[in-house]
Amino acid sequence: MVGQLHQAITEVEENLSRLLNEVKSLRQYIEYLEDENINLKRQLCAVSEADINRIQKNASKIQKEAHENLEKLYEQGFHVCHIYFGEQMESNCLFCNAFLRKD
Amino acid sequence: MKIICSKDNLLLGVNTVQRAVATKNTMPILQGIRLRTEGSSLWFEATDLEIGIRCNIPMEVQEEGEVVLPAKLFSEFVRKLPDTDIILESIDNNVNIHYNKSNFVINGYDPEEFPEITEFTSADIIEIPATIFKKMIRQTIFACAVEETRPVFTGILVHVEKENISLVSTDSHRLAHSKAMISDNDKEFKGIIPSKTMQELLRLLDDNEILTVQYNSSKIIFKFGSCQILTRLIDGQFPSYKQVIPQSCNTKLLLNCKNFLDTVERASLLSKDNYLKINNVRFNIEDSILNVNQYSEMGKISEQIEIEQEGENVAISFNAKYVIDVLKIIDTENIIMEASGPYSPCVFRPENEEDYLYLLLPLRN
Ligand SMILES: [Zn+2]
């Protein structure tokens, strides 16, 4: 009888220690994830307001340059509309005009 | 085949189908008009494979049959026939035409070779009053491109959505847009119809007729009176035109159509026959006066028209022909002109008529 009880307690002990080990490894994993999260947040914050402005400015500069180039192309007598793009133009084109006006 | 008919009936048939006869040197058979009896009537048919026209005229049929005659010779001969009973009698592929005590033989083609202008059955039928459709064609057809690397511009976009119908045409320098209502229609159709077909409808449709339109995804048949016109739809996407139409303007003018037309026509006399193809006319709009001051090696013109003006002054140049085109088809007394500076498209519309607009891009000087 006492022997059986001993046996049972030993089993419970073993089960508990296995569970404990699992909990420990889970905690490690959570810590790793937390660290990674903090790292990522830090990286994001590293892009400063100034950087964002610079990127946006650059994008609109490129856009403006592209638009100016298209306008130049149109002035030189080439279509910039999707219908005739790049073809030589006779006098003028409603679709080019609408395209350049819209931007 | 043997038929007895009048000169007028022959002439009517020939005149109706003649514009569908092939003019380019394609298959010789396409340069012919097919005559084929059906009951006590004769079908006249011609096709260049892009457009086919058929017309049915009652006459006395003594012997059934069919022939294909060279269109040019046959039509010229019919025009010169005396006004008397005429007998057409086929001998193999040829036709003996008897009139008074004379006769004329025309050598024809083998009718077996003539392409069938096949009707197709379609559940989709739209009925449009001829007066409405003809007006819309007249308001748009002149803005189609004549020769084009983009075939979609050589036709008129027809868009039917239930009771609304609209026709749009453009050659990329100008755009014409006409709208109307047709009652009792629940069908939808969108297709580009070759301007040649539209021109034929304009020529052959009588004002009081009802035009029946049958269509599938690639072809369309127009039926009216004793005529049928069958045509292929133009392949391709019509450009989205709504974004081209300006929604506001800086200058709004009201002009008398006739005075304006006369002025532009007079001014354009000076720029005709110049080396440039473009017939440029420049308007200086200043404080309710439209000034035209133009000179060329031929002479000089200076005109002033009183107009109603709202908004800012503007100086603007157009291809005179494009202005004349729209002024000729507008049947209201006055025309509204909406401009936004010398480079943006200008909108022309008849006074008190919301259903039509013409968009014209100024010339850049
Ligand atoms: Zn263009």
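Analyst: Two residues are in contact if their C-beta atoms, placed from the backbone, lie within 7 Å. With that idea, 15 residues of chain B are in contact with 10 residues of chain A. The chain B side of this meeting has eight nonpolar, five polar and two charged residues; here Ala, Val, Leu, Ile, Met, Phe, Trp, Tyr, Cys and Pro count as nonpolar, Asp, Glu, Lys and Arg as charged, and the others, Gly among them, as polar.

Analyst: Do keep in mind that this is a predicted model, where local features need pLDDT of at least 70, side-chain atom pairs count only at pLDDT 80 or more, and totals for chains, interfaces and linings use all residues. Residues are numbered from 1 along each chain as its sequence is written, while chains are lettered from A and ligands numbered from 1 in the order in which they are written.

User: What does chain B average in pLDDT?

Analyst: pLDDT is the predictor's confidence in each residue, from 0 to 100. Chain B averages 93, and 98% of its residues score at least 70. The model has ipTM 0.83 and pTM 0.83.

User: How many residues does the largest nonpolar core have?

Analyst: Such a core is a set of buried Ala, Val, Leu, Ile, Met, Phe, Trp, Tyr and Cys residues joined through C-beta atoms within 7 Å. Buried means that 20 or more other C-beta atoms lie within 10 Å of a residue's own. The largest nonpolar core has 103 residues, and B:I33 and B:I156 have the most contacts inside it.

User: Which residues is B:I156 in contact with, leaving aside neighbours within four places in sequence?

Analyst: Its partners include B:T140, B:I141, B:L167 and B:I193.

Technical notes: A residue is buried if 20 or more other C-beta atoms lie within 10 Å of its own, exposed if 12 or fewer, and partly exposed in between; C-beta atoms are placed from the backbone.
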